[in-house]
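Please read them alongside the model.

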Amino acid sequence: MSNELLKRYPCLESTKEEIIKAENALITAFKNGNKLLMCGNGGSCADCEHIAGELMKGFLSKRPLTEEQKAKMKANCPEIEEKYLSLLQRAVPAIALPSFTALNTAFCNDVEPELVFAQCLMGLGKKDDILLCISTSGNSKNVVAAALTAKALGIKTIGLTGKTGGKLKEICNICVCVPETETFKVQELHLPVYHYLCARVEEEIFYTRCAADSLNH
């Protein structure tokens with residue numbers, strides 16, 4: 001990728017350091033067997049689903065199972081079809097918290113809407129997982145509550161926000177504040193940032209190429 005992201009979106013130069021931190025944090029977490037949890041509202045909710053889709057299957061490249069994986073799966077289940085083994089792809093665990101429709105609507109109705117994503121963390125989060133908090137303002141109440149709960153549980157936090165960063169900038173371990181303030185313009189810049197991060201995770205986790213394509217170079 002080299003400096004392709006910054007060449008295409010020079011306005012993101014101001015976010016370079018935080019993007020690199022987010023990249024390294026995600027790669028480290030996945031290599032250590034941890035998972036990515038994500039929360040956001042509206043368009044940011046859709047971004048959570050989008051990111052999960054890029055990480056849970058091939059993104060820029062196919063991710064065929066290794067021969068070792070195939071052999072282990074075949075040993076566990078001799079009747080599994082070779083077709084399945086040839087089509088299944090390697091993945092990293094990425095969970096969009098807004099996807100838990102029944103849980104989320106029940107908790108909002110019965111308990112407290114502001115804690116809807118925080119409650120998901122109580123069942124899914126573990127120390128050294130990562131919570132990606134997406135909010136164009138950085139002040140979405142349920143996302144901020146999730147960030148605070150994550151911190152209390154020992155879960156690392158990455159914020160993806162607009163220019164000011166809002167409350168998330170003060171709470172999150174890492175906060176990528178893209179240089180826009182209008183909601184739709186912030187969302188337009190969030191997409192290339194998380195596509196870059198997904199591409200780097202895929203490259204580093206599933207392939208052995210030199211990481212010379214990092215933003216560090």
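Helix axes are here lines fitted to C-alpha atoms over the stretch in contact, and the angles between them run from 0 to 180 degrees between N-to-C directions. The model under discussion is predicted.

1. Packing of H3 on H10. The axes of H3 and H10 cross at roughly 20° and come within 10 Å. Angles under 35 degrees count as roughly parallel, and H3 and H10 are therefore roughly parallel to each other. Their crossing is right-handed. On the H3 side, the contact is made by Gly43, Ser44, Asp47, His50, Ile51, Glu54 and Leu55. H10 contributes Gln187, His190, Leu191, Tyr194, His195, Cys198 and Val201. By class, the contact of H3 with H10 has 6 nonpolar, 6 polar and 2 charged residues.

2. Packing of H2 on H10. Helix H2, residues 16-31, packs against helix H10, residues 183-206, at an angle of about 40°, and the axes are 10 Å apart. This angle makes H2 oblique to H10. The crossing of H2 and H10 is right-handed. From H2, the residues making the contact are Ile19, Ala22, Glu23, Leu26, Ile27, Phe30 and Lys31. From H10 they are Val193, Tyr196, Leu197, Arg200, Val201, Glu204 and Ile205. The contact of H2 with H10 has, by class, 10 nonpolar, no polar and 4 charged residues.

3. Is Ser44 buried or exposed? Ser44 counts as buried because its relative accessibility is 3%, and buried means under 20%. Ser44 lies in helix H3, which spans residues 43-55. Apart from neighbours within four places in sequence, Ser44 is in contact with Ile134, Ser135, Thr136 and Gln187. Ser44 and Gln187 are also among the residues that make the contact between H3 and H10.

4. Cysteines. How many disulfides does the structure hold? The number is 0. Cys133 is in no disulfide, and the nearest cysteine sulfur, that of Cys39, is 4.4 Å away. Cys172 is likewise in no disulfide; for Cys172 the nearest cysteine sulfur belongs to Cys133, at 4.5 Å. The cut-off for a disulfide is a pair of cysteine sulfur atoms within 2.5 Å. Cys133 is buried, with a relative accessible area of 0%. Cys172 is buried too, with a relative accessible area of 8%.

Conventions: Residues numbered from 1 in each chain as written. Predicted model: local features only at pLDDT ≥ 70, side-chain atom pairs only at ≥ 80, totals over all residues. Heavy atoms only, no water. Helix = DSSP H or I, 4+ residues; strand = E, 2+ residues; numbered from the N terminus. Buried < 20%, exposed > 50% of the residue type's maximum accessible area, 1.4 Å probe, protein only. Contact = heavy atoms within 4.5 Å. Parallel < 35°, antiparallel > 145°, perpendicular 65-115°, else oblique. Left-handed = near helix turned anticlockwise from the far one by under 90°. Nonpolar A, V, L, I, M, F, W, Y, C, P; charged D, E, K, R; others polar.
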